[in-house]
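Please brief me on how this protein is packed inside. Keep it short and group the points by topic.

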Amino acid sequence: MAGEPGFGNGGTGWDAVLGVEGERREERLRDLVRRMTLDEKIRQMAGNSGPIKLAIAMFRYNLLTFNSGLDKRLGIPDIRFTDGPRGVALNHSTCFPVAMARGATWDIDLEERVGEAMGVEARAQGANSFGGVCINLPRHPGWGRAQETFGDDPFHLGAMGAAAVKGLQGHVMACVKHFACNSIEEARFFVDVRVDERTLREIYLPHFRKCVQAGAAAVMSAYNRVNGEYCAHNRHLLRDILKGDWGFQGLVMSDFFLGTRDTVKAADGGLDIEMPNRWHFGRKLKRAVRGGRVPEEVVDEAVTRVLRQKARFAGVGDPSRYTRDIVACEDHAELALEAARKSMVLLKNEGGVLPLDRDEIAGIAVIGKLADRANLGDSGSSQVRPPYTVTPLQGIMNRRGSVEVTYQDGGDLSLAESAARRADAVVVVVGLTGRDEGEALPYVKIGGDRYDLRLRESDEMLIGAMSRANDRCIVVLEGGSAITMEGWRDSVPAILMAWYPGMEGGNALADVLFGEVNPGGKLPMIFPRSVDQLPFFDKKARSIDYGFHHGYRLFDARGLDPAFPFGFGLSYTEYRYSGLRLSDGHMGKDGAITAKVEVANVGGMAGDEIVQLYAGCDGPAVERPEKELKGFARVHLEPGESKTVSLVVEAEDLAYYDVDSGAWTVEENDYRIYVGPSSRREDLVLSGVFRVSGP
């Protein structure tokens, strides 16, 4: 390559790498790596956050980006990482609803637009890498960081995560995390997750694969161990599966602080960048290479992966867009409002208590401390500090019209009861905060996991008192995961799950309460009656077994009745399903089949319905779930309108992992399709059968 632009005669080679694509770029990357010194290579493989920056991060995480791999001599730029996933964790960015809330929208297009907005805001604030695609599957809803992921079904998780990746990567590198089986917060630094190969492949990894297929630039390894080995050292996860079976061409980044434990194991296992500092991938790595314990070819491969993604994203985006005035701009605030509106799940509405008619009621009592509090989620790495937050009380005041609104925080029960009795309706806002759940921070005792999924006793007492004082009692729940309600849900006519709804959450809530918006969100995880229905959970576990069944699959297998099933959500209108037809009665092992169904709005208000398709194998050769989600669509319908919804089922989504052959197998058999508004058997009102056979 001597004599080509950028090579030889003092050229750095980096400009030449940027000038080409495909195999030509790969050739020039290999040539550049050959020309680099060992020190220059190792510099690409670790963050460069010094003691001062790390000290700042302990008290104000993401005040600054975390950088790695700047090489001024060679002209190689650095990776500038910031976090998410409810918004960019820098300065005063737009705070969207938490990922679990956005998962409740079941809206792939919306999530891609949210991802794009986050990508723009990250670039505008100096970042080019964003760790906001958290797709760990919550085996148990008590996991403190469940709010950071989209739900507990692999298919749904994969679709939402891939949408986020696509939106982000018009502007920044998307980093997908935490690979893998990370779903116990307080034991994350030491727990060994024991999981058999089939369960790992079918339950805990498919959503990561979907994000890899969507082109994710980076994957972040988890803190925990899987089958005895830390994830950053786990050759089976990183080399055999991620880089081998899936053909991942991106880079693997360690989680921060204790994400890497051993230099040689991490390099051999497939880690490419240690973050946020060079504790192991610095002098220790150089000594390991010089001593023959790490082949330099391993370093070359890691550096090539890093440079490949830097080159890939060097020309991405329109630089003229990335100005500070786009951060938390009006368009992004409107997008946050849309996401909050679409995320809210109406769990109960007896007697049509909701929506509240401003022409029929004179006064509303708003009760509860959380009604007048900015409650955006946890205080860990996902924390976003928006320029403003609309609380539930402020939102109701903004949308009340001529309705009189009184407020009591509930601290004095007698005053709250008096306000509730005088009002035509009472809205009780209760739930969880970052003190109850979220990332467990070692230096402050907040966040962490939940053994008990109930509300505080004081909240349940407040609900009871308000329901006795006013028959029109509406409970609004805030939180990032499932809440059990058996002690009080029969005593109130209406329950609305608002999650942590972001900076525009109060306005969105008021729009739903007053009927300006018809609630269309549906649960992305099952809400149990009690923790006794769930898998064993030990938030201090040193070792734990992850079984094949969880969520609605577990409830189906055991014949359990949840409080609210996966995919459940009510509306102010009524939808009718009919006319299921399949494109064919037969599918080849590498084929696909289309299911079409008519969905009609037979009520009096426009709304969105989330159509869900589940599939199950009749008499399978191996143990399989009764049914699994294999398709969904959010569809808008005006009153009286009917639409045909098409959902495609691909053969590869019906496969199981055959441990003996080490390969995915599409079983020749009859498969049954179920379509309806939730995973509950009686809600799956339509069904059909097709057969898989042949090539």
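This is a predicted model: local features need pLDDT of at least 70, side-chain atom pairs count only at pLDDT 80 or more; totals for chains, interfaces and linings use all residues.

Helix H8 is largely enclosed by the rest of the structure, because seven of its eight residues are buried.

- Leu285 touches Ile42, Met45, Thr263, Ala267, His280, Val294 and Val299, leaving aside neighbours within four places in sequence.

**Helix H8**

- H8 spans residues 197-204.
- Its buried residues are Arg198, Thr199, Leu200, Arg201, Glu202, Ile203 and Tyr204.
- Helices are part of the cover over these buried residues, including H7 (154-168), H9 (206-213), H10 (235-245) and H19 (551-558).
- Strands S23 (656-658) and S24 (663-665) also belong to that cover.
- Asp196 caps the N-terminal end of H8. One of its side-chain oxygens lies 3.1 Å from the backbone nitrogen of Arg198.

**Helices H6 and H14**

- Two packed helices are described by the angle between their axes and the distance between the axes.
- H6 (residues 108-124) packs on H14 (residues 330-343) at about 145 degrees, and the axes are 11 Å apart.
- The crossing of H6 past H14 is left-handed.
- H6 makes the contact with Leu110, Arg113, Val114, Ala117, Val120 and Glu121.
- H14 contributes His332, Leu335, Glu338, Ala339 and Lys342.
- By class, the contact of H6 with H14 has six nonpolar, four charged and one polar residue.

**Glu40**

- Glu40 sits in helix H3, residues 38-43.
- Is Glu40 buried or exposed? Its relative accessibility is 7%, so Glu40 counts as buried; the cut-off for buried is under 20%.
- The side chain of Glu40 reaches the backbone nitrogen of Thr37 at 3.0 Å.
- Beyond its neighbours within four places in sequence, Glu40 is in contact with Asp71, Arg73 and Leu74.
- Glu40 and Val303 are 263 residues apart in sequence, yet their C-alpha atoms are 9.5 Å apart in space.

Definitions and conventions: Residues are numbered from 1 along each chain as its sequence is written. Side-chain values use heavy atoms; hydrogens and water are left out. Axes are lines fitted to C-alpha atoms, for helices over the stretch in contact, and angles run from 0 to 180 degrees between N-to-C directions. Helices (H or I, at least four residues) and strands (E, at least two) are DSSP runs, numbered from the N terminus. A crossing is left-handed if the near helix is turned anticlockwise from the far one by less than a right angle, and right-handed if clockwise. Contact means heavy atoms within 4.5 Å. Ala, Val, Leu, Ile, Met, Phe, Trp, Tyr, Cys and Pro count as nonpolar, Asp, Glu, Lys and Arg as charged, and the others, Gly among them, as polar. Buried means under 20% relative accessible area, exposed over 50%, partly exposed in between (1.4 Å probe, protein chains only). A polar contact is a pair of N or O atoms within 3.5 Å; within protein, one must be able to donate a hydrogen and the other to accept it, and residues adjacent in sequence count only if both atoms are side-chain atoms.
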